[in-house]
Amino acid sequence: MAGDREPLAQTRPRAIRTIAFMVSAFVLRLFEFVLTVCGITIGVATTVVWVGIPILMGTTSMVRGFADLERRFVRRMLDTPMPPAERLPVEGGFVRRWRVQLVDPSTWRDLAYLFVVFPLGIVEFAIGLTSIVLLPMAIWVAPWIGWMHGSLALALLGPNRAERLAVKAQHLQASRARGVDAAEAERRRIERDLHDGAQQRLVAVAMSLGRAKNKLVKDPDAARELIDEAHADAKLAVSELRDLARGIYPAVLADRGLDAALSAQAAKSPIPVAVEVDVDPRPPAAVETTAYFIVGETLTNIAKHSGATEASVKVWRAEEKVVVEITDNGHGGAELRPGGGLSGLADRAATIDGVITVVSPVGGPTVIRADLPCEW
């Protein structure tokens, strides 16, 4: 799986992993809670004889280590977009590093999480055991419990508000830069197509009409042939301009929306393509255009490189975004890499802060998904 990093948001986890998380995490939470409480209690009680200082220093490092373990566990089992903790490098001796850890807000958030999840883990353990026996609990209750736990972990163990804003600003800066690059590449493409196509045709028309003008009196038959030639070149120029305009913004998309436009694309594909579109209410024009070209370029790549015999296109509205999912039964192995065709799709999506995700194991199938926000 590959894709751009987007602002953190918790999704609903899968039931089986959630149940496994709730059952297995109880032993881990018990171990972490006992060691943390014992370390703090013994360290505070023996501080007066200096023995407690190294005990508290070790306990602080242990709390941070437990929190890092919890981050990895929650990220893997609950599909929570939990980034690793970013620890600031500190120079100096053990005491100085410990003092910096004590004033670091993330240390106290780590400790708060370990204290909160122990009693919560007891409840989750009971729900997990019940979900193993009762199917309705496993299907409807357990995933929501996992979602709430992931949200709690994201709030306490995830980046704070300033860090989240920094991540979002970094994401926006990168997407804007890629959007500018994509727009510049599109401008160069249009310029090249005009120069190599319609412009050459119109030059040929002008030359043919000039020659016909000179021969109109002396050789009417030759002049008529030149006019016919100019007429044919003019029709070709009009056709090329029409194709170029369609490449900028297709008329069917503006008039009838995504469903009709994508169905027209699928009809031109050399392999069968099933299209399913449900985007009511109609998204902004920029979103429609981006979705249209992502589907078009993906279907072209599928026909050329995938070896697929069939494909499907699904587009639907999910809250404040439009999701585009293209699937084919080809040989797989596609990936996002700089300079590749899929990278161009990601750059196009980035112009409106969209994200491209590619899942393409060797042997297939390949799923290309674009999440396009309707507000940016």
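User: Where does pLDDT stay under 50?

Analyst: This is a predicted model, and its pLDDT stays under 50 over residues 1-7. For that stretch the model has 20 contacts beyond four places in sequence.

User: And what does the chain average?

Analyst: The average pLDDT of the chain is 80. A score of at least 70 is reached by 82% of the residues.

User: Let us turn to the sheet. How many strands form it, and in what order?

Analyst: The sheet is open and has 5 strands, ordered β1-β2-β3-β5-β4, with mixed pairing. The edges are taken by β1 (273-278) and β4 (355-359). Each of these has a single partner strand, so one side of each is left without a neighbour in the sheet.

User: How do β2 and β3 pair?

Analyst: The pairing of β2 with β3 is antiparallel and comprises 8 bridges. Arg317 has Val322 in β3 as its bridge partner. The two strands make a hairpin with 2 residues between them. In the turn, Glu319 has a positive phi of about 55 degrees.

User: Where is the cis peptide bond?

Analyst: A cis peptide bond links Asp280 to Pro281, with omega about -5 degrees. The loop that holds Pro281 lies between β1 and α9.

User: Back to the sheet. Which strands does α8 lie across?

Analyst: Helix α8 (residues 251-268) lies across β1 and β2 (311-318). Its direction is at about 175 degrees to that of β1.

User: And which strands does α9 touch?

Analyst: Helix α9 (residues 285-306) packs on the sheet and touches β1, β2, β3 (321-328), β4 and β5. The direction of α9 makes about 10 degrees with that of β3.

User: Now the helix pairs. At what angle do α2 and α4 cross?

Analyst: The axes of α2 (residues 52-77) and α4 (residues 105-133) cross at roughly 70 degrees and come within 9 Å. The two helices are therefore roughly perpendicular to each other. Their crossing is left-handed.

User: Which residues meet there?

Analyst: From α2 the residues are Thr60, Val63, Arg64, Phe66, Ala67, Glu70, Arg71 and Val74. They meet Ser106, Thr107, Asp110, Leu111, Tyr113 and Leu114 in α4. By type, the contact of α2 with α4 has 7 nonpolar, 3 polar and 4 charged residues.

User: How do the axes of α2 and α5 lie?

Analyst: They come within 11 Å and cross at roughly 140 degrees, α5 being residues 135-157. Helices α2 and α5 are therefore oblique to each other. This crossing of α2 and α5 is also left-handed. In the contact, Ala67, Glu70, Arg71 and Val74 of α2 meet His149, Gly150, Ala153 and Leu157 of α5. The contact of α2 with α5 divides into 4 nonpolar, 2 polar and 2 charged residues.

User: That leaves α4 with α5. At what angle do they pack?

Analyst: Helices α4 and α5 pack at about 175 degrees, and their axes are 10 Å apart. They are therefore roughly antiparallel to each other.

User: Which residues of α4 and α5 meet?

Analyst: On the α4 side they include Tyr113, Val116, Val117, Leu120 and Ile127. Among those from α5 are Val141, Ala142, Ile145, His149 and Leu152. The residues of the contact of α4 with α5 comprise 18 nonpolar, 3 polar and 3 charged.

Key
Residues numbered from 1 in each chain as written. Predicted model: local features only at pLDDT ≥ 70, side-chain atom pairs only at ≥ 80, totals over all residues. Heavy atoms only, no water. Pairing = 2+ DSSP bridges. Helix = DSSP H or I, 4+ residues; strand = E, 2+ residues; numbered from the N terminus. Contact = heavy atoms within 4.5 Å. Axes fitted to C-alpha atoms, helices over the stretch in contact; angles between N-to-C directions. Parallel < 35°, antiparallel > 145°, perpendicular 65-115°, else oblique. Left-handed = near helix turned anticlockwise from the far one by under 90°. Nonpolar A, V, L, I, M, F, W, Y, C, P; charged D, E, K, R; others polar. pLDDT = per-residue confidence, 0-100.
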